[in-house]
Amino acid sequence: MFDRNSFQAGTAGRRAVLTAAALAVAGILAAPAMAQDAAKKQLRIGATAGSNYDLLQEGIVPQLKAKGYTVKLVEFNDYVQPNLALDDGSLDANFFQHRAYFDQFTTDRKLKLTAIVQGPVAPMGVYSKKFKSINELKAGARVALPNDPSNLARALLVLQNAGLIKIKDGVNPARVSELDLAENKHKLKFLPLDAAHLPRALEDADFVVVNGNFAISSGLKLTEAVILEKTPDQYLNVVAVKTGNETTQWAKDLAEAYRSPAFKQVVDTKFVGYMKPAFLQ
């Protein structure tokens, strides 16, 4: 005779055994992963040439080495490859981009990356080899600026804050382009170029809007800029890792290095004039 109660009890018992077995297997699998995380002591970190690379080399790498890490810094000369390398696992982390660019790039490319901490950034500046002051600007002046959308928007905001152009009301400041100008009283002619190539444009353009890291890597000084950006928080650089790695011990140690008094001292003494997140003020 079929005994429903006995059958249900037996089924529940088997489920309990299976559940316990599954948990045991999960524990066995998780243990090596956790051990691997704790044991990871070799890091590859990417950065663009100039100030971003130098900040890592002088302020972050020594702290990580003191904790037993071996760090390989990988230098890039563009704003595309560092995120692609991070996504494909060639890098463990990168430090080169501001938050606005990071959000736009990862969304556009559908990359699963996570920002774990902010860091300093060399301000964007307007430079010229032909003029010593922005007051010398003439109608029809040629102005070179970055061609990637987020840094193009940033450069146009710098020019607006200097009173050279006016952007239409209601436009998303992170998405501003040359088509969003309400006023260009000096009839400026914009020359969008790859950010890394902008310092070379100083020979031809009247004024060039250059990202701080590329300005410094090319030998320009922040004090030489005819206009220097007052950098808002959305343009502070971030340290990025592949999503899922933000909880690893090495990522926590990396973020902690950026927040440390030792890093603040390096920034304050060797990178004067850089814009900093609140925790480094």
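1. Ground rules. Residues are numbered from 1 along each chain as its sequence is written. As this is a predicted model, local features need pLDDT of at least 70 and side-chain atom pairs count only at pLDDT 80 or more, while totals for chains, interfaces and linings use all residues; side-chain values use heavy atoms, with hydrogens and water left out.

2. Confidence. The protein averages a pLDDT (the predictor's confidence in each residue, from 0 to 100) of 89, and 86% of the residues score at least 70. Two stretches stay under 50. Residues 4-9 are one of them, with two contacts (heavy atoms within 4.5 Å) beyond four places in sequence. Residues 11-35 are another, with one such contact. Where pLDDT is low, the predicted coordinates should not be read in detail.

3. Strand E6. Helices (H or I, at least four residues) and strands (E, at least two) are DSSP runs, numbered from the N terminus. E6 covers residues 142-146, and four of its five residues are buried (under 20% relative accessible area; exposed is over 50% and partly exposed is in between, with a 1.4 Å probe and protein chains only). Strands pair if DSSP finds at least two bridges between them. E6 pairs with E9 in the parallel sense over five bridges, and Arg142 has Lys189 as its bridge partner there.

4. Helix H4. Which residues of H4 are buried? They are Ala100, Tyr101, Phe102, Gln104, Phe105 and Thr106. Their cover includes helix H3 (81-87), E3, E4, H5 and strand E12 (237-242).

5. The largest pocket. H4 turns up again here, giving the most to the lining of the largest pocket, with five residues. A pocket is an open set of points on a 1 Å grid over the protein atoms alone, with protein on both sides within 12 Å along at least five of seven lines; a cavity is a set where a 1.4 Å probe fits but cannot get out, and lining residues have an atom within 4 Å of a point. The largest pocket has a volume of about 200 Å³ (the space filled by probe spheres set on the points, which are joined across faces, edges and corners). Of its 14 lining residues, Tyr79, Val80, Tyr101, Phe105 and Asp148 are the closest to its centre. The lining divides into seven nonpolar, two polar and five charged residues (Ala, Val, Leu, Ile, Met, Phe, Trp, Tyr, Cys and Pro count as nonpolar, Asp, Glu, Lys and Arg as charged, and the others, Gly among them, as polar).

6. The cavity. There is one cavity of 30 Å³ or more, and the largest cavity has a volume of about 90 Å³. Of the 14 residues lining the largest cavity, Tyr79, Phe96, Asn211, Asn213 and Asn237 are the closest to its centre. Strand E3 (93-98), helix H5 (149-161) and helix H6 (212-217) each give two or more residues to that lining, and E3 gives the most, with three. By class, the lining has five nonpolar, eight polar and one charged residues.

7. Two lysines to look at. Most residues other than glycine have a negative phi. Lys110, however, has a positive phi of about 55°. Lys110 sits in the loop between helix H4 (99-109) and strand E4 (113-119), and is exposed at a relative accessible area of 73%. Lys187 also has a positive phi, near 50°. Lys187 is found in the loop between strand E8 (181-183) and strand E9 (189-193), and counts as exposed at 60% relative accessibility.
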